[in-house]
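Got your viewer open and ready to click around? Let's take a walk through this one together, stop by stop.

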Amino acid sequence: MTGPLALVGSGEYLPVMAEVERGLLTGRPPRYVQIPTAAAHEGQASLDRWVALGREQAERLGVEAVPVVVRNRTDADDPAMATLLDGAGLIYLSGGSPTGLARILRGTAVAAAIEAAWRGGAALAGCSAGAMALTSWVPSLRRPGVEPHDGLDLVPHLRVIPHFDRFERWMPDVVGRYLARAPEGTEVVGIDEDTALVWDDGRWTVQGQRQVWLLHPDGRSPYPAGATLDLPPLI
């Protein structure tokens, strides 16, 4: 049986989202695997910052932080890197470049280890870039002219706009761009900052501080924390 899966709008490793992360770890090994690959293009200082934030959150939660610092596809195909995911309770893909993250991980040993751990019962989460990379379609929100990448395809029937309450103000056309390229049977969701859409126990629910939005050509429907969404199941 797969573990829970969380698509997070923002706030990974911060106190505001600690309870969401605590819930994902509940009943699982206290081993918190943290993958900062989406920030690899920003350099070592950014990677170090993500590792430090992850360690601080792990300390709050009373679990072991296991940073898996994959910088490129060579790292991602390294069996030693993949082995670090063994025994994970929660695996987390943090933010940065969604297309960079998808390009580095897709089809590698680390990606296979992520999927195997999740399908074996570990919790899996992606925030912002990480949430987008877990789907099958990964566009560059800030560079709309760049062709989208294939994602890790673990959430194939959803397309995700993270930071929704912020991005919609910055890029008013973002919803239209997503809807125009969404194939039949695919749902488009906007996830506000400090908010998560979580698959667990056979249903999708909203956790965190704000709302998740189900977007469609005729409008949008808001779902506050605690609400359940009728979305395609994960298998």
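**Stop 1: a charged pair in a helix**

Select Glu115: this residue is partly exposed, with a relative accessible area of 30% (buried means under 20%, exposed over 50% and partly exposed in between, using a 1.4 Å probe and protein chains only). Before you go on, note that this is a predicted model, where local features need pLDDT of at least 70 and side-chain atom pairs count only at pLDDT 80 or more, while totals for chains, interfaces and linings use all residues. Residues are numbered from 1 along each chain as its sequence is written, and side-chain values use heavy atoms, with hydrogens and water left out.

The side chains of Glu115 and Arg119 meet in a salt bridge, 2.8 Å from N to O. The term salt bridge here is a side-chain nitrogen of Lys or Arg within 4 Å of a carboxyl oxygen of Asp or Glu. Both residues sit in helix α6 (residues 109-119), 4 residues apart, so about one helical turn separates them. Helices (H or I, at least four residues) and strands (E, at least two) are DSSP runs, numbered from the N terminus.

**Stop 2: pairs that reach across the chain**

How many salt bridges does this rule give? The count comes to 6. For another of them, select Arg31 and Glu64, whose closest N and O atoms are 3.5 Å apart. This pair links distant parts of the chain, with Arg31 in strand β2 (residues 31-35) and Glu64 in strand β3 (residues 64-67), 33 residues apart. Color by accessibility if you can: Arg31 is buried at 19% relative accessible area, whereas Glu64 is partly exposed at 42%.

Next, pick Arg166 and Glu193, a salt bridge with its closest N and O atoms 3.5 Å apart. Arg166 belongs to helix α8 (residues 164-170) and Glu193 to the loop between β9 (187-191) and β10 (195-200), so the pair ties together parts 27 residues apart in sequence. Is Glu193 buried or exposed? Glu193 counts as buried, at 12% relative accessibility, while Arg166 counts as partly exposed at 33%. While you're on salt bridges, highlight Asp165, Asp194 and Arg210: shared partners join them into one network.

**Stop 3: strand β10 and its neighbors**

Select β10 next. 5 of its 6 residues are buried, so β10 is largely enclosed by the rest of the structure. On one stop here you can look at strand β1 (residues 5-8), which pairs with β10 in the antiparallel sense over 4 bridges; two strands pair if DSSP finds at least two bridges between them. Click Leu5 and you'll find that its bridge partner in β10 is Trp199.

From Trp199, hop to Trp204, its bridge partner in β11. β10 and strand β11 (residues 203-208) pair in the antiparallel sense over 6 bridges. They form a hairpin with 2 residues between them, and Asp201 in the turn has a positive phi of about 55 degrees.

**Stop 4: the 8-strand sheet**

Zoom out. β10 is part of an open sheet of 8 strands with mixed pairing, in the order β3-β2-β4-β5-β1-β10-β11-β14. At the edges are β3 and β14 (228-229), each pairing on one side only. For a parallel pair, select strand β4 (residues 90-93) and strand β5 (residues 123-127), joined over 4 bridges. Ile91 has Leu124 as its bridge partner in β5.

**Stop 5: two crossing helices**

Show helix α1 (residues 18-25) and helix α2 (residues 44-61), which pack at an angle of about 70 degrees with their axes 10 Å apart. Axes are lines fitted to C-alpha atoms, for helices over the stretch in contact, and angles run from 0 to 180 degrees between N-to-C directions. Which residues make the contact? Select Ala18, Glu21, Arg22 and Leu25 of α1, plus Gln57, Arg60 and Leu61 of α2; contact means heavy atoms within 4.5 Å.

**Stop 6: the 4-strand sheet**

Finish at the open sheet of 4 strands, ordered β8-β9-β12-β13 with mixed pairing. Its edge strands are β8 (158-161) and β13 (219-224), each pairing on one side only. The twist averages 25 degrees from one strand to the next. Inside this sheet, β9 and strand β12 (residues 211-216) run antiparallel, joined by 4 bridges.
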